[in-house]
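Please open the structure in your viewer and keep the selection tool at hand. The tour below goes from one selection to the next and says what is found at each stop.

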Amino acid sequence: MEYRDGAYFYRDIYFGMERFTGMETVYHLDQPVWAMSYGGGVLNISDREQIRSIYAFLREALRLGSEEAPYRGPDIWKNGSLIYLNQWEGTLDRFHGYEEIRLKDTKVYELRYQGGFI
């Protein structure tokens, strides 16, 4: 995925589906200035419809990230029987974190991430 706004350019490159890894990079005047690497995915689920619903819920949560803490999604988000949890340390300069999704009391997704200014 790519997005350009004036002198800034954002690129997200990832590989995989059920389990995946990737990197987001922000460029200013075509020079990389910030990056975040991540990896994770669904756990012990092979049903395609269930995987799709987990990732749809994840996209909901990611749209709710704040300007103060733009590390993935909010610290907690619930919708029906799914709950998104996100914990992080650091600042935009240098950070790392962990997110998970639970279906009732069962962890069905997890992801670790880290990044900062280059």
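**The sheet**

Begin by showing the strands: 8 strands form an open sheet in the order E1-E2-E3-E4-E8-E7-E6-E5, and their pairing is antiparallel. Strand E1 (2–5) and strand E5 (76–79) stand at the edges with a single partner strand each, so one side of each is left without a neighbour in the sheet. On average, and with direction ignored, neighbouring strands of this sheet are turned by 10° against each other. Strands pair here if DSSP finds at least two bridges between them, while strands (E, at least two residues) and helices (H or I, at least four) are DSSP runs numbered from the N terminus.

This is a predicted model, in which local features need pLDDT of at least 70 and side-chain atom pairs count only at pLDDT 80 or more, while totals for chains, interfaces and linings use all residues. Residues are numbered from 1 along each chain as its sequence is written, and side-chain values use heavy atoms, with hydrogens and water left out.

**One edge and the helix**

Select E5 next, together with strand E6 (residues 82–91): 4 bridges join these two strands, which run antiparallel. Asn79 stands opposite Leu82 in E6.

**A residue in E3**

Select Thr25, which lies in strand E3. Thr25 counts as buried at 8% relative accessibility, where buried means under 20% relative accessible area, exposed over 50% and partly exposed in between (1.4 Å probe, protein chains only). Leaving aside neighbours within four places in sequence, Thr25 is in contact (heavy atoms within 4.5 Å) with Phe9, Tyr10, Arg11, Pro32, Trp34 and Ala35.

**Salt bridges**

How many salt bridges does a search of the whole structure find? The search finds 6, each being a side-chain nitrogen of Lys or Arg within 4 Å of a carboxyl oxygen of Asp or Glu. Select Arg48 and Glu18, whose closest N and O atoms are 3.1 Å apart; this pair links distant parts of the chain, with Arg48 in helix H1 (residues 48–62) and Glu18 in the loop between strand E2 (8–16) and strand E3 (19–28), 30 residues apart. Finish with Arg102 and Glu100, which form a salt bridge at 2.6 Å; Arg102 is partly exposed at 25%, whereas Glu100 is buried at 10%.

Notes. Axes are lines fitted to C-alpha atoms, for helices over the stretch in contact, and angles run from 0 to 180 degrees between N-to-C directions.
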